[in-house]
Amino acid sequence: MGWLAPDSPVPEGPCFTLLARTNDLGCVNDVRLRLDLEKGDIATKIRALETLVRLCVLEPTRLSSAAGRPTLMAVIRFLLPLQDHSIKRMLLLFWEVVPKTDGKGELLQEMILVCDSFRRDLEHPNEFIRGATLRLLTKLPWNGELFEPLYPCVAKCLTHRHPYVRRNAALCLYSMGRKCRELQVDVINALDVFLSTDQDPSAKRNAFLALCELSEPRALRYVEETDWSSFDALERSGRNLLQGPAIQLIYRTGLKHPQESWRFIQSVFHLLQSPIASVRFEASRALFALTSASTALRTSGQALVDLAISQTDNTAKIVLLDTLDQLRRKHPQPLEFLAVDLIRVVAGASDIEVCRRALELAVLLTTERSASDLVELLKRELRRLQTSPHQQADSVQVSEAVLTALQNCLASFPRTTPSVITCLTELVSSESESVCISAVRILRETLIRFPEYAPRAVGLVLQHFPLLREPAAIRHVSWLLGEFCERPEHVRDFIEQVTNSLTELPKEAAVEMEQRECNGTGSDSENGTNSNKASGAAKLCRSSSRTDRGASEKKSLPVVTADGTYATQSAFIMANSIANGTSSPWGHKVLLSHMIKGNFFIGTCVCGAVTKAACRFVTTKGTSVEQDTHALANLISATQKDGLVVNRHEIVARALRVIVFCLALADSSMFKGPATTDDRLRMMLCIRLLLLAQAGGDNVHSGLGGGQSTRQALNSFVTSTERRRELCRRKKTQKLGARGPMYLTEQHNSIRSSNGYEEADAPLLFDQLSGGNRLHGGPNTIDKQDIFSESLQKALSGNISSAVKDGDILANSLLAKVTQLTGRSDPLYAECYVHVTAHAIDLDVFVFNQTDDTLQNCTLELTTLGRLTGKRDMKLIDRPGPVVIGPHDFVTLRTTIKVTATDNGLIFGNISYDVKGSTSDTHVVVLNDIRINIVDFLVPDDTSQEDFRNTWAGLEWENKVIVSSPIRDLDAYLDLLIRKTNMACLTHGDSRLNRQTSMSNFLMANLSAKSLFNENVLANVCLERDPIEGELTGHVRVRARSQGLAWCLGDKISELQKCTKN
C-alpha cells in the first residue's frame, strides 16, 4: 500500500492499494481514537478505522510502539467480534498495513489473537469473507509459526462450494508452502488431489501454477498423464485454462533437461490442435525449441502461418511472422513449402508492414522448385489489387511491396524472367503512377541483366502505351522505349504511338505560325538560325501531314447558320475551352492535353526518346547512300509486300514531324505556360541529330545519352544495386536475433566472406565478453535464451540494445555512460550513470563524502530543461529524499525522468547538506550539467529509396546545416557522420561497396533513422571536394516530423564539424 502523491518515491515492493494524502492526520489523538472504537456507533468506528489505516502508512511504527499497543488492542477487542461487512472489509486493509513486528523484529503478541480471528473468518458461512481472508493471508509476510494453525482451515476451503473461495485457497496454500518448509509436503499433496477432483477452470489453473513452483516433477507427471487431444473433454473437466501453463512448463523443462524432451512431444502435438490461438502459438514455439525433426518443424511452421492468416490484429501478425523468421534462420530447409502459403497472409492483411514482412519471408523461403508457383501467386495478387483497388486502403503500397518481391525472385531465380516480364508490362498501364514507375524501374534492371528479353518486353510495352495517362509514367515509359527499341518494327510503332497521342495544330495556331513566318518574326529572337530551321521544318511537317489528313479536310465543310452567314469561332473562347479541357476536340490525346496545360517538359522527354530510337535505327542500319536511294525507290512495293520493311528516311521524317509539331505548339501564344529555353534547345538538338543521322553521321545517338555510355552507366548502377541487396540479404540470413532496427558495423560485415562462411583468420567472438549483446554472441546464443523470460524482460524494460560505436570495446559498458558531476576537491564527490530506456531516463547518482564530518539532510535537487522554450519534453517524476552520509561514506541516489519526445535535454541541479553539530547555514554544491544526447534515442532504419522519397515529402520540418570540414576524404566524412548520428546509409556507391577510396569530387547520400517514439528522421548529404585545396563543402538537410528533432540533430551535426576542425 502506498500514497498517491506527486513527489512520493516509487515503491520498490508490490503495492496493492493507493491512498490519497490528507492534511487532517497531524492532530489525531490516540485517546480519542480508542474512545471512538469502544463507544462509537458503526459509522464512527468506520471513520476511526480509516484514520488508523492512514496512520499506519504515514507512521508505520506508531502502533507497534508501547504507546500504540492500547490502540491495537482496542481494535482487537471492539472491532474483531463485529459482523458488519463494512468493518470487515476495512479490517482487511488494516491488517495488511499494520506492523506485525516490534522494533527488534520480533512478532507482536497481539498477532496471535488476530490469527484466531482469521481462523474464525476462514470458517465463516459467507463466501466473500472467506475468500477475502484467504487473499489477505496470501499478501501477509508471515512465518511458519502463524501459518501452521491456519493450514487445516485453508485446506478445508479447497472443498468449498463456491469457486471464489477455492481459487483463493489454492493461492493461499502456495504462499504457505513457499514461506513454510514444514508445510510444503502437505501443500503439494493437497494441490495434487485438488487438481484431480475440482472442475473450476480458474481454480485448477491457480493450483497448477502453484504446483509448478513448489514441485515441478509432480506438475510434469500431471501434464504427462493428461489427455490433451480432446478439447471438449478438457473443457468439461475444467482443464482448458491449463494448456498455456503446461506449454511453458514443458518448454522450461526441455531447456533444463533436453534428454527428457521426448516425453512431451506428443502432448505438444496435441496442443497444436487447440482452438485457442495463444496456445497454438506457444506450442509451435516450444515444439521447434524441443526438437529438430523435420515433421515437427513443418507442423510448427504451418501452425504459425495458419495463425497469421486467421488473426485480424496486425501486431499479432507481425509477432507471428517474426517467430517464423527465427525458425527459418535456425532450420531453413523444412520450411520451404511455406513460401506459397505466406501469400495468403498478404491477401488478408490491412497493414503495409505485415505485407512487407510476409513477402520478404516468402522470398527467403523460395527455392528453384517453388519459384514458378510463387511468381504466379504474386502476379495473381497484383491483378487483384489493380482490379479492386478500393478493397484495401494501402493497395498502392501493397502493390509496390509485391513488385519488390517479384524483383527479388527475379534476382534469385533468373528462369522466372519471361513470366515476370509479362506481369511488369501489364502494370505499365496501371492507374497508379507510383506502381507504373516501379514496374518500369524493375523492367529496366531486368532488361539490362537479360537483354535477350528486350524485344519481347518492348513489344508488350508498346501495346500498353496508348493507355498511359500520368505525365511521370509517360516520361519513364518513353525513356524505356527509346533506350531498348532496336527492331525496325518497334521503332516505327513507337513513333506511330507518339504521333497518335498528338494531332495536327488547330487552324488558329497554324495561321498564327504562317503569319509569323511571313512577317519574319519568331518566338525565339535570340536564336535566329534556330527559328529559320524551325520554320523550314514546320513546312516539311505540314507538307508531309497533308496526305494523312486529306480525307478529314475534305469532309470539314464550312457551317452555314439559319440567316445565311458562316459560323465563326473566337480564338479566345477556344483557348479557354482548351485550358479547361472540357470542350477540346483533341482532349482524348493524352500527350497533347498535358502539353496544352503547360507541361512542355513531357514533350521534350518524348522527343528525346523518339530521337534516340530513330538515330539508333539509322546508325545501325549500315547502308550506304546508293543503297538508300535504291531502297527509297522500292519503298512502296516493299511496303505492300511486307509491312515490316521500314526505310530510314521514313523513320527520320516521322520523328521530325513529331518534334516540329511540339516546337510549333511551343511557339503558339494561345496556350498556357510558354516553353522554357531548355525545352526549345533540347528539341532543336533532336532535329540537328536526326538530320545528321540521315546524312550518315556515326554515334549521333550518344548526344542524347544513348549508346554504349548509357549502357555502361546502367550496368554499373544495376551492379551496385545488386551488391547492396546481396549485403542486405546476407545480413538478414545471419543469426542476429529477432528482426529489428539494429546497426551492423562494417567490422562485423567484413569478417564474412562472399560465400557466407567464416574466414580462417576471422576473430573469435566470446559470449562472456559481449556484455549480453546478442549481436556479438556465438552461434548458440539464441538457443540458450528462455523465450518466455526474454519476452517478459523486454516488455518490462522496453529498452533497445545500443549499438557498438567507434569500435570501442567499452562502448556498451556502464563506464561509457558515467558523467562526473563535481570536482575531486569538493566536499562531496558525485558522478552519475545515465541509462536511457524507451520512455524514461534513469539516473543513478553516486555521492561520496570526502570530509571527516557527518552530513545530514543531504538532498539532491534536479531540474530539467528541453531544447524548445515552453515545451516540457522531460519531467522529473521521482525526487530522492534526504539522506545521512557518514565520514568517508557513500550513498547512491536514484531518480527517474519521464521523456515524451525525442529532444536534446539538459539536467542541472545541486546537492545541499548540513554538517552535524554545526550551527552554520546549509551548504550547497553546484553540479555539472548532464546533457542528454539525442543520438541515444535514435536507431538506424534501413529502408528503400522509394520509401525514403515518400517519407521525405511528408515530413514538415527541415534544418539545413552548412558543411565546411578539413577532412579531405568524402567517404571518411560520411562514415564519421553515420557513426556519430547513429543513422543508416541508404546510398551505397561502388567505392563504398568495394571498400576503395572514391576518386570523385562529389558525394550524395541519404541517411535514415527512427526514434524510440517511432518518429522518422531523414538526412540528405551533398558534399563537394575542392580539387586544389581538398577541403569539403556542401550541406546536410535534415527533415523530421517535429521541429525539436530536426533542430537537435542539426545541432549534433554542427557540433561534429567543430570537433573535426579542432
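This is a predicted model: local features need pLDDT of at least 70, side-chain atom pairs count only at pLDDT 80 or more; totals for chains, interfaces and linings use all residues.
We've got 1062 residues, and 47% of them are buried. The protein has 43 helices and 18 strands. If you take the contacts with a separation of 6 or more, 68% are between residues 24 or more positions apart. The accessible surface comes to about 52600 Å², with 52% of that belonging to carbon and sulfur atoms.

Let's go inside. The largest nonpolar core has 114 residues, and among those with the most contacts inside it are Leu 324, Leu 403, Val 477 and Phe 494. Which helix gives the most to this core? That's α35, residues 648-667, with twelve residues. Domain 1 (413-484) and domain 2 (485-504 + 588-619 + 648-695) both give residues to this core, so it lies between them.

Let me zoom in on Leu 403. Leaving aside its neighbours within four places in sequence, Leu 403 is in contact with Leu 382, Leu 424, Leu 427, Val 435, Ser 438, Ala 439 and Ile 442. There's also a second, separate core, this one of 89 residues, including Leu 150, Leu 173, Leu 249 and Phe 264.

Phe 494 is in helix α26, where it's buried, and so are Glu 489, His 490, Val 491, Arg 492, Ile 495, Gln 497, Val 498 and Ser 501. What do the buried residues of α26 pack against? They pack against α24 (454-464), α25 (471-484), α31 (590-596), α32 (600-619) and α35.

Last stop, the strands. Look at β18, residues 1032-1040, which runs antiparallel to β14, residues 957-965, with nine bridges joining the two. Lys 960 has Arg 1037 in β18 as its bridge partner. β18 also pairs with β17, residues 1016-1025, in the antiparallel sense and over nine bridges. Here Glu 1024 stands opposite Thr 1033 in β18. How many residues sit between β17 and β18 in their hairpin? Six, and Gly 1030 in the turn has a positive phi of about 85 degrees.

That's my tour, happy to take questions.

Notes: Residues are numbered from 1 along each chain as its sequence is written. Side-chain values use heavy atoms; hydrogens and water are left out. A nonpolar core is a set of buried Ala, Val, Leu, Ile, Met, Phe, Trp, Tyr and Cys residues joined through side-chain atoms within 4.5 Å. Buried means under 20% relative accessible area, exposed over 50%, partly exposed in between (1.4 Å probe, protein chains only). Helices (H or I, at least four residues) and strands (E, at least two) are DSSP runs, numbered from the N terminus. Domain bounds come from an automatic or database domain assignment. Contact means heavy atoms within 4.5 Å. Accessible areas come from the Shrake-Rupley method with a 1.4 Å probe; for residues, only the protein chains shown count as cover. Two strands pair if DSSP finds at least two bridges between them.
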